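Hi,

Here is the structure I promised to pass on. Have a look at it first, and then read my notes below.

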Amino acid sequence: MKMTAVEELKSSRWADEVELEGGALPLPTEVIENGYKILTEYKFDGEKKVKVVRMHKIEKRIFSKSIAVRKTWKKFGESSNDKPGPNPATTIIAEDVYMQYITSKEEDNKQEDDGLDKLKSLGEKAAVKCRTCSGEHWTTHCPWRDTALAGGKVPDDKKGISGTNGEPSKTGNKYIPPSLREGAVRIRSDNPNMNRRDDASALRIANLGEDTTEQEIEDLVKPFGPVQKLFLARDKITGACKGFGYIHFKFKGDAAKAMQKLHGYGHNHLILNVDWSKPQQHNN
DNA sequence: GATGAGCGG
C-alpha cells in the first residue's frame, strides 16, 4: 500500500521548519510508525515549496543477519555525527521491495514434518515423488507432469484455487504460478515425446577415435545439410571421445543422405558406423 | 563396444 500526499508549504510553517540558510529545503525524514513507513521530503514545485509525505504499509521485510549486524555499527568517517538510521542526505533510499509471504511459518514447519514422516514411512524405497501432485516423477515444473502417467493426484487443497490476474489466490494460501492457474493455457503436451529429445532426424555416429573433436564431426556432416545439434560423447574425467556421437539434422532427408554416405566411410583410420539414433527411452 | 548431461529430494 502506498499513499502520497503533497502539501504546499506556507511561508510561516516553512520558516519554522527551515533551520538552514538560503533557500535550502529541509532534510527528508523517514519514520516508521505502527506498521507504516512515513517518508517526508521537501522539494520545489516550480517556485512553490512543497512537502511530500509518502506512507508505505510495511508488510513483512526480509532481514538479513549481516544487515542487522551492520546496523549496529557505530557510524564513522564523515557520518560519525549522524543520528541513527539512514541519513537521507547521504543515503539513496531506493524503492523498497516488500515481500508478500503466502505461506506462513507454521505451515512451512508442518510441511517439513510431513515430508519427514513420509520419508520415514516410505523407508528405503522412497524413490521420486512429485512435490506437486505426489506422482512418481520429479517435480520439474510438474503440473501433472504427463498427467495420468504421473500416477499422482492433485491434492484437494490444490484444487480450485486460482486467479489468472497475477494476484495470489484468495481462497488458498499457496502461491500458484500463473501458468498453473485456472484458465491458463496449457503449453505442455500430453504426448510425452513432445517435450523430449526428438531423435527423428538424428544420427548416431560411432567408431570414432578417442581424439575426435566436435569440429571434426561437424566438418564431416555439414555438407549434408543444416545441423541442429551435435553431441560428441566424451569421458567426463579425461575428456576423451567415447567413440560415438549424435548429430541432429534439421531435415530427416539430409540425415538419410549423410547416413548413406558416411556409414562405412573411413575416418582417421577407422570405419565409421552410422545409423539412426534410437530415441532414448524414459521411464515415467 | 558403446544410445548424449545434469538438476534435484
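**A loop to start with**

Asn268 sits in the loop that links strand E8 (266-267) to strand E9 (270-271). Its phi is near 50°, which is a positive value in a residue other than glycine. Asn268 is partly exposed, because its relative accessible area is 43%. His269 is in the loop between E8 and E9 too, and this residue also has a positive phi, about 65°, although it is not a glycine. Is His269 buried or exposed? With a relative accessibility of 85%, His269 counts as exposed. Why point these angles out? Because most residues other than glycine have a negative phi.

Before you go on, please keep in mind that this is a predicted model.

**The chain as a whole**

Chain A has 284 residues, and 23% of them count as buried. Its secondary structure comes to 5 helices and 10 strands. If you take the contacts in chain A with a separation of 6 or more, 52% of them are between residues 24 or more positions apart.

**The sheet**

Next, find the open sheet of 4 strands, which come in the order E6-E7-E5-E10 with antiparallel pairing. At the edges are strand E6 (227-234) and strand E10 (273-276), each of which pairs on one side only. From one strand to the next, the twist averages 20°. If sheets are new to you, their strands pair through backbone hydrogen bonds, either parallel or antiparallel.

How many bridges join E5 to E10? There are 4, and the two strands run antiparallel. E5 is also joined to E7, by 5 bridges, again antiparallel. Ala206, for its part, stands opposite Asn273 in E10. Since 4 of the 5 residues of E5 are buried, this strand is largely enclosed by the rest of the structure.

Helix H4 (residues 214-221) lies across E5, E6 and E7, and it runs at about 140° to E6. Helix H5 (residues 252-262) packs on the sheet and touches E5, E7 and E10, with its direction at about 150° to that of E10.

**Where the DNA sits**

Now for DNA strand B. It is surrounded by 20 residues, and the closest are Lys129, Trp138, Thr139, Thr140 and Tyr246. Those surrounding residues divide into 5 nonpolar, 7 polar and 8 charged. Which strand gives the most to this surface? That is strand E7 (residues 241-249), with 5 residues.

- His248 has a polar side-chain atom 2.6 Å from a base oxygen of DNA strand B.
- Asp199 places a polar side-chain atom 3.1 Å from a base oxygen of DNA strand B.
- Arg204 has an N or O atom in its side chain 3.3 Å from a sugar or linking oxygen of DNA strand B.

How values were computed: Residues are numbered from 1 along each chain as its sequence is written. Chains are lettered from A and ligands numbered from 1 in the order in which they are written. This is a predicted model: local features need pLDDT of at least 70, side-chain atom pairs count only at pLDDT 80 or more; totals for chains, interfaces and linings use all residues. Side-chain values use heavy atoms; hydrogens and water are left out. A residue is near a molecule or strand if one of its heavy atoms lies within 4 Å of it. A polar contact is a pair of N or O atoms within 3.5 Å; within protein, one must be able to donate a hydrogen and the other to accept it, and residues adjacent in sequence count only if both atoms are side-chain atoms. Ala, Val, Leu, Ile, Met, Phe, Trp, Tyr, Cys and Pro count as nonpolar, Asp, Glu, Lys and Arg as charged, and the others, Gly among them, as polar. Buried means under 20% relative accessible area, exposed over 50%, partly exposed in between (1.4 Å probe, protein chains only). Two strands pair if DSSP finds at least two bridges between them. Axes are lines fitted to C-alpha atoms, for helices over the stretch in contact, and angles run from 0 to 180 degrees between N-to-C directions. Contact means heavy atoms within 4.5 Å.
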